[in-house]
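Me: Hi! I've got a structure open and I'm new to this. Could you walk me through it?

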Amino acid sequence: MLPGLEDLYQELILDHYRGPRNRGALVSANRRAEGHNPLCGDRVTLQLIVEDDTIRDLRFEGAGCAISTASASIMTEVLKGRTVSDALQLFTQFHRMATTGEPPAGQAPMGKLSAFSGISRYPARVKCATLAWHTLDAALRGQTTPVSTE
Ligand code: ZN
C-alpha cells in the first residue's frame with residue numbers, strides 16, 4: 001500500500017488513518033481554511049482556536065487518502081498548544097523533509113512527523129502529505145480563498 005515506508009511508520013500512518021485524532025467541527029474556532037489536492041482528490045477543512053499567539057485547539061474535517069488523513073491527524077496532535085511561529089516553522093521543516101527526504105539540520109527531532117520522511121520518493125504523494133500543512137499555513141495567515149496544491 002505504501003511501498004518504501006518503513007514498517008513502523010506505515011503502522012503509525014495506518015493507525016491515524018483508521019482512527020483520526022481531532023476530527024470534526026470546532027465550535028468557536030477563530031481561524032479556518034480549506035484545502036484541496038486535485039491530484040488525489042483529498043479535501044481538508046481546518047478549524048483552529050488561536051489565542052495569545054498560541055494554538056489552543058484545532059480540528060479537521062474532510063475526506064482523503066490514507067496519507068492525507070494521517071498527515072492531518074498527526075499534525076493536529078503535534079500542533080495543539082504550540083505558538084503560531086512554532087507551527088509555521090514546523091511547516092517549513094515538514095515541507096522540506098517531505099520534498100527532499102532530508103531531516104531538518106540542526107533542528108529538534110520531528111517526532112511523529114518523521115513518519116513522512118520517506119514520502120519524497122513518491123512525488124505524487126508529497127501533496128497528500130503536505131495538504132493539511134498548506135491549509136494550516138493559510139488559516140494562520142488569514143487567507144480566505146481555498147488552498148489548492150495545484
Ligand atoms: Zn491523497
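Me: How many helices and strands does the chain have?
Reply: The chain has four helices and four strands. Both kinds of element are DSSP runs numbered from the N terminus, with helices being H or I over at least four residues and strands being E over at least two. Starting at the N terminus, their order is α-β-β-β-α-α-α-β.

Me: And how compact is the chain?
Reply: Its radius of gyration is 14 Å, close to the 15 Å from the globule rule for 150 residues, so the chain is as compact as a globular protein of that length. The radius is taken over C-alpha atoms, and the rule is 2.2 Å times the number of residues to the power 0.38. The C-alpha atoms fill a box of roughly 40 × 35 × 30 Å along the principal axes.

Me: Thanks! Where does the model come from, and how do I read the numbering?
Reply: This is a predicted model, in which local features need pLDDT of at least 70 and side-chain atom pairs count only at pLDDT 80 or more, while totals for chains, interfaces and linings use all residues. Residues are numbered from 1 along each chain as its sequence is written, and side-chain values use heavy atoms, with hydrogens and water left out.

Me: OK, on to the sheet. What order do the strands take?
Reply: The four strands make an open sheet in the order β3-β2-β1-β4, with mixed pairing. The edge strands are β3 (54–63) and β4 (147–148), each of which pairs on one side only. Two strands count as paired if DSSP finds at least two bridges between them.

Me: In what sense do β2 and β3 pair, parallel or antiparallel?
Reply: Strand β2 (residues 42–51) pairs with β3 in the antiparallel sense, over nine bridges. Leu48 has Leu58 in β3 as its bridge partner, and Glu51 has Thr54.

Me: What's in the turn of that hairpin?
Reply: Two residues lie between β2 and β3, and Asp52 in the turn has a positive phi of about 50°. Asp53 is also in the loop between β2 and β3, and its phi is near 65°, a positive value in a residue other than glycine.

Me: Is Asp53 buried, exposed or partly exposed, and what are the cut-offs? Which one is it?
Reply: Asp53 counts as partly exposed, at 46% relative accessibility. Buried means under 20% relative accessible area, exposed means over 50%, and partly exposed is in between (1.4 Å probe, protein chains only).

Me: What about Ser28, where is that?
Reply: Ser28 sits in the loop between α1 (7–18) and β1. Its phi is near 70°, again positive in a residue other than glycine, and Ser28 counts as exposed at 57% relative accessibility.

Me: Now Asn37: buried or exposed?
Reply: Asn37 is buried, with a relative accessible area of 0%. Its place is in strand β1 (residues 31–37).

Me: Which residues is Asn37 in contact with?
Reply: Leaving aside neighbours within four places in sequence, Asn37 is in contact with Asp42, Lys127, Cys128, Leu131 and Thr149. Contact means heavy atoms within 4.5 Å.

Me: Last one: what share of the chain is buried?
Reply: Of the 150 residues, 47% count as buried.
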